[in-house]
Amino acid sequence: MSSIVVVGANWGDEGKGRIVDFLAEDAAASIRFQGGNNAGHTVVNDFGTFKLHQLPSGIFNPNCIAVLGPGMVISPEALSQEIAEVKASNVEVKLCISDRATLCLPLHALEDTLEEQRLGDAAYGSTRQGIAPAYGDRVMKKGILVGWLNQPEVLQERIQFMLDWKMPQLKALYPSCDFSQSAAEMTQWLLDVTAPWRQFICNVTEPLKALQQKQATLLFEAQLGAGRDLVYGEYPWTTSSNVTAAYAGIGSGLPALRPERIVAVAKSFSSSVGTGTLVTAMEQQDNFRESANEFGAVTGRPRDMGFFDAVATRNGVDLQAATEIALTKIDCLSGMKDLKICIAYEGEHPENPIWPQTASLTPVYEEMQGWDEDITGCRTFADLPTAAQAYVERIETLMGVPVSMVSVGPEREQMIIR
């Protein structure tokens, strides 16, 4: 048996979906353990190109169960649409959806949008999918559990309970709030839009424990990265859940999980979308962003681009307790004349032991030799140009953790295993 957790070392958008899709070939279950419809994992395989937002990236393995864990907040209509898109590509969908996960409702998305509008220039940079309000309701014990979809009377009762508490607050804080759907109407809407997947709702702990007893390989998938963790990330510009590997067991339905492998995915350069700090931001970003196709998978927002930040990434690797690193998109660096790695910060509190980076910091760079060759056809580490090998090896030294995988393109076969 092998339990493998795939997490982000940076701020998200590292290419975790591509790594999970690759590792899922040998997995019996692929489990999303937190988050919701607010981030996308791009997967390119024989079925086509997909931007998955809630389905685990292992959904394409016919021998793999895709599990939506209790740590998630699930947008019901979006999940139905995602399932339909995958099925349209002749993918057999094998799902287990936790009855303990929480629903992320259209009302939550409205609340999210109204709050970002109220904050104006001080907004968090939310995707406005309703993730924070949905998690907030869960903490306040007003959330709507997925399992109640199979108990319509309880579902309507709990929705009414939530509306009685929430609506007076929303209308007081946001005068433009015009949500008027009744509990009965919300209940019926939910029953209609969740029809494609209600049959998959269950206590996901049971099938996962059964697979553990068979010594099967389990693959756990996070969204976003260490810099967006609610507790250890760049607060308050974080997501609203815990994205670290330590949460994988709790968010998946296996609280006693002790994973054998923790793969921290890091991009070969820095990128970030939303609000926050990117110390190594490039002065000229547009051409590189276009060539690397660095735009948010959910919103399409352009990502802020920077040089590889070894300080922030080492922090993320440590937070994730990573046993290895998967380095992605190194092919995008081919032809870059000004190639460098940030090895330290100068300024107030330059040690930056944890986020947030509240002080004004200046990156200290180490110049690296670039390469011009197209490396997308390389299949072994030795095939890479000497300069590219040196770049990977320098990152490995700075991280203190082996770089076990190097991605030279989006296709499955474009993965170099070291």
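## Exercises on a predicted protein chain

Arg-128 sits in the loop between helix 3 (106–119) and helix 4 (131–139). Here helices (H or I, at least four residues) and strands (E, at least two) are DSSP runs, numbered from the N terminus. This is a predicted model, in which local features need pLDDT of at least 70 and side-chain atom pairs count only at pLDDT 80 or more, while totals for chains, interfaces and linings use all residues. Residues are numbered from 1 along each chain as its sequence is written, and side-chain values use heavy atoms, leaving out hydrogens and water.

### Exercise 1: the cysteines

How many disulfides does the count give?

Step 1. A disulfide is a covalent bond between the sulfur atoms of two cysteines. The working rule asks for a pair of cysteine sulfur atoms within 2.5 Å.

Step 2. By this rule the count comes to zero disulfides. Cys-104 is in none, and its nearest cysteine sulfur, that of Cys-177, is 15 Å away.

Step 3. Start from Cys-177 instead: its closest cysteine sulfur is in Cys-104, at 15 Å, which is too far for a bond.

Step 4. Cys-104 is buried, with a relative accessible area of 2%, and Cys-177 is buried at 8%.

### Exercise 2: the surroundings of Leu-257

Locate Leu-257 and list the residues that Leu-257 touches.

Step 1. Leu-257 lies in the loop between helix 8 and strand 11 (261–267).

Step 2. With 15% relative accessibility, Leu-257 counts as buried.

Step 3. Contact means heavy atoms within 4.5 Å. Leaving aside residues up to four places away in sequence, Leu-257 touches Ser-3, Gln-212, Phe-220, Ala-248 and Gly-249.

### Exercise 3: a peptide bond

Is the peptide bond from Tyr-235 to Pro-236 cis or trans?

Step 1. The bond is cis, with omega near 10 degrees.

Step 2. To find the place, go to the loop between strand 10 (218–221) and helix 8 (248–252), where Pro-236 lies.

### Exercise 4: the whole chain

Describe the fold through its elements, its radius of gyration and its contacts.

Step 1. The protein chain has 11 helices and 19 strands.

Step 2. The radius of gyration is taken over C-alpha atoms, and the globule rule is 2.2 Å times the number of residues to the power 0.38. For 418 residues a compact globule would have a value near 22 Å, and the 21 Å of the protein chain agrees with this.

Step 3. Of the contacts with a separation of 6 or more, 75% join residues 24 or more positions apart.

Step 4. Finally, 57% of the 418 residues count as buried.

Conventions:
Buried means under 20% relative accessible area, exposed over 50%, partly exposed in between (1.4 Å probe, protein chains only).
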